[in-house]
Amino acid sequence: TGLVVAMDGPSGSGKSSVSRGAARALGLRYLDTGAMYRAMTWWMLQQGVELTDPAAVAARCGEPAIVSGTDPDGPTIHVDGVDVAEPIRQAEVTGAVSAVAAVPEVRARLVALQREIIGAGDIVVEGRDIGSVVWPQAAAKIYLTASPEARARRRSAEVAGSTVEAQQEAMARRDTLDSTRKTDPLSMAAGAIELDTTTLTLDEVVAEVLRLVVE
Ligand code: ADP
Ligand code: CDP
């Protein structure tokens, strides 16, 4: 199989920006697996599925057709043919996604979809469990981190009307849910290289990733 770069880490560590930058520089495709969990969550909310009931989520998670476009210059995400790039970023989805992502049947389905896409050729893949579960044989495994303050500052700069404090609180809640769930929790994969981006610029992080990949 092709060149796979696994980019894991918590929210606001820089995964999306760094992955897209690295994919562009290397001429690789790009996959945002978080967008797939968000798309599943958006669909569940649309359907009125009780998200606090894992059995209800498990029973329905095979239904939506989730399709990811992998161009780093314009990644796309569709559910049953509907472009959901914008609605999956809404606070309602962000607040519910960790509960949906904790359901083993959801993970099994989305991991299978992700492996199909990755198997088609060279790609940079961002998520929480890429180097540990989805593609442990990746040529390069990178785990991005940054201080909770830096991560919250970055995210609040993107979201109109949000304070750093509120972002930090929401992120801390999601970090706890993502790193304590029973199935494939967020953690650093064996063989992953940790990159703390707190005091680095985006260009510096991308340059470091490129160095690690060609090494
Ligand atoms: P993630 O995918 O891990 O949630 P993003 O790539 O969405 O993180 O980054 C969140 C925001 O922080 C983006 O607006 C991005 O431009 C900015 N950012 C990312 N990395 C850095 C960095 N090293 N220095 C400054 N800003 C950054
Ligand atoms: O962009 P941000 O870091 O805020 O989140 P995301 O990457 O879009 O991921 C949203 C959520 O999906 C995470 O909080 C996890 O609950 C889940 N997720 C996961 O469980 N496994 C992945 N590989 C990617 C995301």
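Helices (H or I, at least four residues) and strands (E, at least two) are DSSP runs, numbered from the N terminus. I am working with a predicted model, in which local features need pLDDT of at least 70, side-chain atom pairs count only at pLDDT 80 or more, and totals for chains, interfaces and linings use all residues. Residues are numbered from 1 along each chain as its sequence is written, while chains are lettered from A and ligands numbered from 1 in the order in which they are written.

**Entry 1: ligand 2**

I began with the shell around ligand 2, counting a residue as near if its C-beta atom, placed from the backbone, lies within 6 Å of the molecule. I found 14 residues there, and the closest are Ser-11, Gly-34, Tyr-37, Ala-101 and Gly-127. Three helices, α2 (33-47), α4 (91-101) and α8 (164-180), each supply at least two residues of this shell. Helix α2 gives the largest share, five residues.

I then sorted the shell by class: Ala, Val, Leu, Ile, Met, Phe, Trp, Tyr, Cys and Pro count as nonpolar, Asp, Glu, Lys and Arg as charged, and the others, Gly among them, as polar. Around ligand 2 that gives four nonpolar, five polar and five charged residues.

**Entry 2: ligand 1**

Next I looked up ligand 1, which has 16 residues around it. Gly-14, Lys-15, Ser-16, Ser-17 and Arg-154 come nearest. Here α1 (15-26), α7 (148-158) and α9 (202-214) each contribute at least two residues. By class, I noted three nonpolar, nine polar and four charged residues in the shell around ligand 1.

**Entry 3: helix α5**

Which residues of α5 are buried? I call a residue buried if 20 or more other C-beta atoms lie within 10 Å of its own, exposed if 12 or fewer, and partly exposed in between, with C-beta atoms placed from the backbone. Val-106, Arg-107, Leu-110, Gln-114 and Ile-118 are the buried residues of α5. Seen down the helix axis, they fall within an arc of 90°, so they line one face of α5; the arc is that of the directions from the helix axis to the C-beta atoms. On the face turned away from this buried side I found the exposed residues Ala-112, Arg-115, Glu-116 and Gly-119. After α5 comes Gly-121, with a positive phi near 150°.

For sheets, I take two strands as paired if DSSP finds at least two bridges between them. One open sheet has three strands in the order β3-β4-β5, with antiparallel pairing. Its edge strands, β3 (66-69) and β5 (82-83), each pair on one side only.

Four bridges join β3 to β4, and Gly-69 stands opposite Thr-76 in β4. These two strands form a hairpin with six residues between them. Two bridges join β4 (residues 76-79) to β5, with His-78 opposite Asp-83. The hairpin of β4 and β5 has two residues between its strands, and Asp-80 in the turn has a positive phi of about 50°.

**Entry 4: the five-stranded sheet**

Last, I traced an open sheet of five strands, in the order β2-β6-β1-β7-β8 with parallel pairing. The edge strands β2 (29-32) and β8 (193-196) each pair on one side only. Four bridges join β2 to β6 (residues 123-127), where Arg-29 stands opposite Ile-123.
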